[in-house]
Amino acid sequence: MNNSPMISIVDVSYEYTNVDDTDLIALNHVDLTIEKGEHLVIIGHNGSGKSTLAKQMNALLLPSSGVVEVAGMDTRDPALLWSVRQTAGMVFQNPDNQIVATIVEEDVAFGPENLGIEPTEIMNRVTAALERVDMAQYRHKAPHLLSGGQKQRIAIAGVIAMKPDCIIFDEPTAMLDPSGRKEVINAMKVLNREEGITVVHITHFMEEAVGAHRVAVMEDGKLVMVGTPREIFTRVDELKELGLDVPQMTELASVLRKEGIDIPADVLTVEEMVNHLCQLKLMD
Ligand code: ADP
Ligand code: MG
């Protein structure tokens, strides 16, 4: 791997052309650098440009102006297209739209087959990928019989089998029940923490952003805040103005502070809240 950042987005704008020939500016001069090994969460209300930005990260869309580089590869270079797509894989919201085969292992093998990888290596990759998402025992099952969380993990295994350096998850838990959500979030954490895969994760569940390295906030095609979860979620009132929530414990801390109770503003987890409350109790 070279020394370039995982993804570099420099002054990128993107316009969709509507059927009536009018343009809609979906990205407006966005700058963002994502380092190798990073876990970045992107939040922002519907229509703020998150999916458009995600699609720039693996050349599903190309900038109208500005430059996107994936591991130093300019996404506008047609000769690099498949390298870019193999380096930065994408997982979408609806697992049903991503499953292409009728047997789990065939589905996971689909990507590497298209890369022209030889059969024994494909089988090794399929086995390793299914183990990584804890789905090895479903190898010979039909995907349509699986739960939403399991299907999404199969979709993730299909991306892992391509050996990407980065995976972009566009609201992968939006259609899942709470247990499916947990399964997918755990799989994502394992890939980032244990495999060193860079994770870009778009979500509207604020609790899912708490464990990330950085959080980026989008509004109307612009990146309006980037920082650690603690830095971002402390700005409760600004986030509310953008129509966004904060993690429950941060919200509780904010309400308690307004009531004059001495809790720091940057509480993110239940554990931290309990610690602060216990300290107050001891001081009584
Ligand atoms: P988000 O993922 O944050 O909800 P999107 O990136 O999907 O936002 O959309 C950003 C803006 O671009 C929205 O105004 C949306 O309506 C518009 N848009 C998205 N896809 C298309 C498209 N294929 N054609 C025209 N406009 C689009
Ligand atoms: Mg979207």
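Predicted model: local features only at pLDDT ≥ 70, side-chain atom pairs only at ≥ 80, totals over all residues.
Let me begin with a definition: two strands pair if DSSP finds at least two bridges between them, and the strands themselves (E, at least two residues), like the helices (H or I, at least four), are DSSP runs numbered from the N terminus. With that in hand, we can say that Leu-40 has Val-200, in strand E8, as its bridge partner.

Residues are numbered from 1 along each chain as its sequence is written, chains are lettered from A and ligands numbered from 1 in the order in which they are written, and side-chain values use heavy atoms, with hydrogens and water left out.

Now, to strand E3. It runs over residues 39–43, and five of its five residues are buried, where buried means under 20% relative accessible area with a 1.4 Å probe, counting protein chains only. What are the pairing partners of E3? E3 pairs in the parallel sense, over four bridges, with E8 (residues 198–202), and E3 also pairs in the parallel sense, again over four bridges, with strand E9 (residues 214–219), where Val-217 stands opposite Ile-43.

A further group of strands forms an open sheet of four, in the order E2-E1-E4-E5, with antiparallel pairing. Its edge strands are E2 (23–34) and E5 (73–74), each of which pairs on one side only. E5 is joined to strand E4 (residues 65–70) over two bridges, and there Glu-69 faces Asp-74.

Finally, ligand 1. Its surroundings (residues with a heavy atom within 4 Å) include Tyr-16, His-45 and Thr-52. Helix H1 (50–56) and E2 each supply at least two residues of this shell, and the largest share, three residues, comes from H1. Looking at polar contacts, which are pairs of N or O atoms within 3.5 Å, an oxygen atom of ligand 1 is 2.7 Å from a polar backbone atom of Gly-47, and a polar side-chain atom of Lys-50 lies 2.8 Å from an oxygen atom of the ligand. Of the 560 Å² of accessible area that ligand 1 has on its own, the protein covers 62%, by the Shrake-Rupley method with a 1.4 Å probe.

Notes:
Buried < 20%, exposed > 50% of the residue type's maximum accessible area, 1.4 Å probe, protein only. Polar contact = N/O pair within 3.5 Å; in protein donor to acceptor, adjacent residues only side chain to side chain.
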